[in-house]
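Thanks for coming, everyone. Please look at the screen while I talk. I'll keep this short.

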Amino acid sequence: MNMTCISPVKYLFSDQFEENLKFIKSNFECVSKTITQLETYVLEMSEALALIDKLTRTIEVESTPITEKVKNKLKSVLFKNEGYSVMNNLSTALTNPTTLSSSSLPDRNNLRYFRFLPVTSCDVERSFSMYKCLNDGSRRFSFKTLSMYVVCHCNAIINTAQDET
């Protein structure tokens, strides 16, 4: 029998391991709940961003060495993601169109198309699955194609909602 595997197995059955699991569950269960909520099929971009903001605030309440590492990692990931700040700007513009000032944001007439902009990768994967039927062979995702995608996406949401009732 291989003796090198005995030490890790002993740790798995130790009280310290159980305590660590309890700590994770009590302090970071909000992460898994937020991920589950973000995977919801019909979720507006502003709602998804509000969930991420709520998670950030929830994690910031605790102050232990482990939670500090998690806080720093979350802030680092969000800071490095340039799209996250663009989505925050879009969300602000959607809720208050008078704040639309950045040249990188769409004009007011096209802003409504971004209401259900996917925030998580599972949304993006669903989007590209739906996009396959719209692809005309090119790899360019033009604004016209985005408009067609939004119509298909909204129709799918409406059909799903009607099927559930």
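Start with Leu111. Its relative accessibility is 4%, so Leu111 counts as buried. Buried means under 20% relative accessible area; exposed means over 50%, and partly exposed lies in between, with a 1.4 Å probe and protein chains only. Leu111 is found in helix H6, residues 108-111. Helices here are DSSP runs of H or I with at least four residues, strands are runs of E with at least two, and both are numbered from the N terminus.

A word on the source. This is a predicted model, in which local features need pLDDT of at least 70 and side-chain atom pairs count only at pLDDT 80 or more, while totals for chains, interfaces and linings use all residues. Residues are numbered from 1 along each chain as its sequence is written, and side-chain values use heavy atoms, with hydrogens and water left out.

Back to Leu111. Which distance separates the C-alpha atoms of Leu111 and Leu90? They are separated by 7.8 Å, and the two residues are 21 apart along the chain. Ala93 is in helix H5. Is Ala93 buried or exposed? Buried, with a relative accessible area of 1%.

Stay in H5. That helix covers residues 82-95, and Ser91 is part of it. Ser91 has 10% relative accessibility, so it counts as buried. What does Ser91 touch, beyond residues up to four places away in sequence? It touches Met45, Ser46 and Leu49. Contact means heavy atoms within 4.5 Å.

That takes us to the packing of H3 and H5. Their axes are 9 Å apart, at an angle of about 125°. That makes H3 oblique to H5. Here are the cut-offs: under 35 degrees is roughly parallel, over 145 is roughly antiparallel, 65 to 115 is roughly perpendicular, and the rest is oblique. Axes are lines fitted to C-alpha atoms, for helices over the stretch in contact, and the angles run from 0 to 180 degrees between N-to-C directions.

Who meets whom? From H3 come Met45, Ser46, Leu49 and Ile52; from H5 come Tyr84, Met87, Asn88, Leu90, Ser91 and Leu94. By class, that contact has 7 nonpolar, 3 polar and no charged residues. Nonpolar covers Ala, Val, Leu, Ile, Met, Phe, Trp, Tyr, Cys and Pro; charged covers Asp, Glu, Lys and Arg; the others, Gly among them, are polar. The crossing of H3 and H5 is left-handed. Left-handed means the near helix is turned anticlockwise from the far one by less than a right angle; clockwise would be right-handed.

Now H3 with H4. H3 is residues 45-61, and H4 is residues 65-80. Their axes come within 9 Å and cross at roughly 150°. H3 and H4 are therefore roughly antiparallel to each other. This crossing is left-handed. On the H3 side, the residues are Ile52, Thr56, Ile59 and Glu60. On the H4 side, they are Thr67, Val70, Lys71, Leu74, Lys75 and Leu78. The contact divides into 5 nonpolar, 2 polar and 3 charged residues.

Next, Cys30. Cys30 lies in helix H2, residues 15-38. Leaving aside neighbours within four places in sequence, Cys30 is in contact with Leu55, Thr58 and Ile59. Take Ile59: it is 29 residues from Cys30 along the chain, yet their C-alpha atoms are separated by 8.3 Å.

Where is Glu44? In the loop between H2 and H3. Glu44 is buried, with a relative accessible area of 18%.

Last, the whole protein. It has 8 helices and 0 strands. Of its 165 residues, 25% are buried. Take the contacts with a separation of 6 or more: residues 24 or more positions apart account for 51% of them. The protein exposes about 11800 Å², and carbon and sulfur atoms supply 57% of that. Accessible areas come from the Shrake-Rupley method with a 1.4 Å probe; for residues, only the protein chains shown count as cover.
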